[in-house]
Amino acid sequence: MITVHDLRARPLDQVHRPIEPGRVILISTRHHGTPNVMTNGFNMTVGHAPPLIAATVGPWDHSYEALVETGECVIAVPTAGMAATVVDIGNCSGADTDTPGASL
């Protein structure tokens, strides 16, 4: 049985992590010919027919402008074996690492 003594305080900016609704996905976009991929952990399925996925992407994300301008993206569900790559993608920004005109 869990008691109050088993509970522990968490930093306020971390309390959402145990209750996030979705799994980690990769969102790929292209903006002015430059591809970008981002890690996203704030997502969930909201419909089945047609399939609809909600994901939080905002102006703080490098992919945001591409999504607003094109309305297009590719969503990939990475395997557990890709965990290190997914973390690496999430720890950098295309704003700092993209090569203009890069191709897939």
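Which residues does T29 touch, not counting residues up to four places away in sequence? T29 touches T34, P35, N36, S63, A66, L67, E72 and C73, where contact means heavy atoms within 4.5 Å.

Before going further, a word on what you are looking at. This is a predicted model, in which local features need pLDDT of at least 70 and side-chain atom pairs count only at pLDDT 80 or more, while totals for chains, interfaces and linings use all residues. Residues are numbered from 1 along each chain as its sequence is written, and side-chain values use heavy atoms, with hydrogens and water left out.

**The overall layout**

The chain has 3 helices and 5 strands. Helices (H or I, at least four residues) and strands (E, at least two) are DSSP runs, numbered from the N terminus. Along the sequence the elements follow the pattern β-β-β-β-α-β-α-α. Of the 104 residues in the chain, 20% are buried; buried means under 20% relative accessible area, exposed over 50%, and partly exposed in between (1.4 Å probe, protein chains only). Among contacts with a separation of 6 or more, 54% come from residues 24 or more positions apart.

T29 sits in strand β1 (residues 25-31). Leaving out residues up to four places away in sequence, S63 touches T29, N36 and M38.

The loop between β4 and α1 also holds V57. Setting aside neighbours within four places in sequence, V57 is in contact with I27, M38, N40, Y64 and L67. V57 and I27 are 30 residues apart in sequence, and their C-alpha atoms are 9.6 Å apart in space.

I89 belongs to helix α2 (residues 83-90). With neighbours within four places in sequence left aside, I89 is in contact with L26, V37, M38 and T39.

| Residue | Relative accessible area | Class |
|---|---|---|
| S63 | 1% | buried |
| T29 | 5% | buried |
| V57 | 18% | buried |
| I89 | 18% | buried |
| C73 | 38% | partly exposed |
| C92 | 43% | partly exposed |
| H32 | 68% | exposed |

Why does S63 count as buried? S63 is placed in that class because its relative accessible area is 1%. As for the cysteines, a search of the whole structure finds 0 disulfides, a disulfide being a pair of cysteine sulfur atoms within 2.5 Å.

**The second largest pocket**

Rolling a probe the size of a water molecule over the atoms shows where empty space is left. On a 1 Å grid over the protein atoms alone, a pocket is an open set of points where a 1.4 Å probe fits, with protein on both sides within 12 Å along at least five of seven lines, and lining residues have an atom within 4 Å of a point.

The second largest pocket holds about 150 Å³ of space; grid points are joined across faces, edges and corners, and the volume is the space filled by probe spheres set on the points. Its lining has 14 residues, of which H31, H62, S63, E65 and A66 lie nearest the centre. β1, β2 (34-40) and α1 each supply at least two residues of this lining. By type, the lining divides into 4 nonpolar, 6 polar and 4 charged residues. Here Ala, Val, Leu, Ile, Met, Phe, Trp, Tyr, Cys and Pro count as nonpolar, Asp, Glu, Lys and Arg as charged, and the others, Gly among them, as polar.

H32 is in the loop between β1 and β2. Although H32 is not a glycine, its phi is positive, at about 50°. The side chain of H32 makes a polar contact with the side chain of H31 (3.4 Å). A polar contact is a pair of N or O atoms within 3.5 Å; within protein, one must be able to donate a hydrogen and the other to accept it, and residues adjacent in sequence count only if both atoms are side-chain atoms. H32 and E69 are 37 residues apart in sequence and 9.9 Å apart in space, C-alpha to C-alpha.

Finally, a cis peptide bond joins A49 and P50, with omega about 5°. P50 lies in the loop between β3 (43-48) and β4.
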